[in-house]
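Subject: Structure handover and notes

Hello,

Here is the structure I said I would pass on. My notes on it follow below.

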Amino acid sequence: MDRAPELRFAWRGLTADGRHKRGKLIAIDTLAARASLRREGVIVTSLDTLGRAPPPKTNAARVTLFTRQLAGLLRAGLPLAAALELLAGGTEGGPTGGMPRIARTLGRDITRGVPYSEALAQHPAAFGALYCQLVSVGEVAGALPAVLARLADDRERAASQKAGLRAALTYPVVVLLLSLAITAGLLIGVVPTFKTIFDGFGAALPAPTRFVLALSDGAARYGVPFVAACACLATAALGWMKRSPDARAAADRIALRLPLAGTLLRSLAVARWSRALGTLLAAGTALSDAFDSLTHATGNRVFDRATVDIAARLRNGERLAAAMRAAGCFPQDVVQPIAVAEESGSLDAMLLDLATLADRSVDERIGAFASLCEPIVIAVLGALVGGLVIAMYLPIIQLGNVV
């Protein structure tokens, strides 16, 4: 689809009360730029082209809000082009607030006769394949407002689960890092003071005390190089993961095997996968066509690769349950109901029910994980600080007993 690139303009002008103003804007051409300023009550005195505008950037939360607002406007009876024009009147709102620009572009494409799903596909960073596929189904069925509302619900649910998971994982990590910082401070700043006292005892120190003193000496000598080396290794590992799909897949595979978080992440991926596939099937998409939009539905590379493998097996005539079982990442309590649903012809309803159960399991596991982390973190913090205190006062206690 050929589309004229948007341009950046620098403008100067006068307002209705005679004040001088200047600024920058993005428009398709000079006529559109002057019209936009005219609507704001600005009389343009100069307009200079600065070159091609960079692509608009946005984030998942703004896309969800845009979807919810568009669904509401369409349900209120507004035509699609008019609804997009209304949403295009917002402000950019920072580096991730490019939805008004995207809405203007979508509106221009709609007025040219381009289907809405095809117009969305021109912005893959904002609208994924699953989003575009569901919109396409809604366009064909004449149920675009309902599909958009369903998309907004699913995105809001996924965002809520992601925020809950992030909060559950952030708390113990922050507290453990804080406890390590406190321990390092004690080793470097407090323990050496005890060492000068122990040197005057003239007696053998207990093993725990000797270990803590050696640890303190090592922290003072090699603490800064060790932290710098760890930071460099972490930065290199993150860069390698960004460049290498195999590295990202390996990291996701390791994450799924973690003792507590692994089960939670697996349930979250199953919920997203089941809901996406069930929604597509319920909208009338053929099973073989639905998998074209599922390759990035879960956010986990293990499940994404399994989706590609399942799609290939389906094209070879294999049943969905058997292909899922062969993938090896789906729990048996998910595969077995799908096998039954295939026989009864209720696959879409079963997938949505499984997604609801998985969502409930995710919420319960997030709550249990957060509750379990609190005593574990307190125990670890107490063990670190308490161990240091005991090791430092043990020689004094023994000396008192001798006296």
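Does Arg68 count as buried, partly exposed or exposed? At 28% relative accessibility, Arg68 is partly exposed, because that class lies between under 20% for buried and over 50% for exposed. Please keep in mind throughout that this is a predicted model.

Overall form

The chain contains 15 helices and three strands. Its radius of gyration is 30 Å, well over the 22 Å that the globule rule gives for 403 residues, so the chain is more spread out than a compact globule. The C-alpha trace spans about 95 × 75 × 35 Å along its principal axes. Of the 403 residues, 36% count as buried.

What the UniProt record says

The unreviewed UniProt entry carries the annotation "domain: Type II secretion system protein GspF", which covers residues 66–192 and 273–395. In the model, residues 273–395 are 80% helix and 0% strand, and the C-alpha atoms at the two ends are 60 Å apart.

The unreviewed UniProt entry also places the feature "transmembrane region" at residues 169–191, 222–241 and 376–397. For residues 169–191, the model gives 100% helix and 0% strand, with the end C-alpha atoms 32 Å apart. Residues 222–241 are likewise 100% helix and 0% strand, and their end C-alpha atoms lie 28 Å apart.

Salt bridges

Side chains of opposite charge can pair when their charged atoms come close. The structure holds 13 salt bridges.

One of them joins Asp153 to Arg68, and the closest N and O atoms are 2.5 Å apart. Asp153 belongs to helix H7 (residues 144–199) and Arg68 to helix H2 (residues 60–75), so this pair ties together parts that are 85 residues apart in sequence. Asp153 is partly exposed, with a relative accessible area of 33%.

Arg157 counts as partly exposed at 28% relative accessibility, whereas Asp154 is buried at 17%.

A further salt bridge links Arg319 and Glu343, where the closest N and O atoms are 3.6 Å apart. Arg319 sits in the loop between helix H12 (301–315) and helix H13 (320–327), while Glu343 is in helix H14 (residues 332–344), so the pair ties together parts 24 residues apart in sequence. Arg319 is partly exposed, at 40% relative accessibility. Glu343 is exposed, with a relative accessible area of 61%.

Some salt bridges share partners, and these join Arg150, Asp154, Arg157, Arg275 and Asp359 into one network.

Aromatic rings

With ring centres within 6.5 Å taken as a pair, the count comes to five aromatic pairs. In one of these, the rings of Phe127 and Tyr131 have their centres 5.0 Å apart and their planes at 50°, so the pair is tilted. Phe127 is buried, with a relative accessible area of 2%, and Tyr131 is buried too, at 3%. Elsewhere, ring pairs link Trp273, Phe291, Phe303 and Phe330 into a cluster.

Nonpolar patch and helix H15

Which residues make the nonpolar surface patch of about 370 Å²? They are Leu176, Leu260, Leu372, Ile376 and Val380. Helix H15 (residues 347–402) gives the most to this patch, with three residues. Leu260 lies in the loop between helix H9 (245–256) and helix H10 (261–282). With 42% relative accessibility, Leu260 counts as partly exposed.

Helix H15 is also the place of Ile366. Ile366 is buried, at 12% relative accessibility. From C-alpha to C-alpha, Ile366 and Leu264 are 7.3 Å apart in space, although 102 residues separate them in sequence.

Where to start looking

After that, go to the network of Arg150, Asp154, Arg157, Arg275 and Asp359, and then to the nonpolar patch, to which helix H15 gives three residues.

Regards

Key
Residues are numbered from 1 along each chain as its sequence is written. This is a predicted model: local features need pLDDT of at least 70, side-chain atom pairs count only at pLDDT 80 or more; totals for chains, interfaces and linings use all residues. Side-chain values use heavy atoms; hydrogens and water are left out. Patches are made of residues with over 30% relative accessible area and no salt bridge: like charges are joined within 9 Å, nonpolar side chains (Val, Leu, Ile, Met, Phe, Trp, Tyr) within 5 Å. Accessible areas come from the Shrake-Rupley method with a 1.4 Å probe; for residues, only the protein chains shown count as cover. A salt bridge is a side-chain nitrogen of Lys or Arg within 4 Å of a carboxyl oxygen of Asp or Glu. Helices (H or I, at least four residues) and strands (E, at least two) are DSSP runs, numbered from the N terminus. Buried means under 20% relative accessible area, exposed over 50%, partly exposed in between (1.4 Å probe, protein chains only). UniProt positions are given in the numbering used here, feature names are shortened, and annotations may be inferred rather than shown by experiment. Rings of Phe, Tyr and Trp (its six-membered ring) pair if their centres lie within 6.5 Å; planes under 30 degrees apart count as stacked, over 60 as edge-to-face and the rest as tilted. The radius of gyration is taken over C-alpha atoms; the globule rule is 2.2 Å times the number of residues to the power 0.38.
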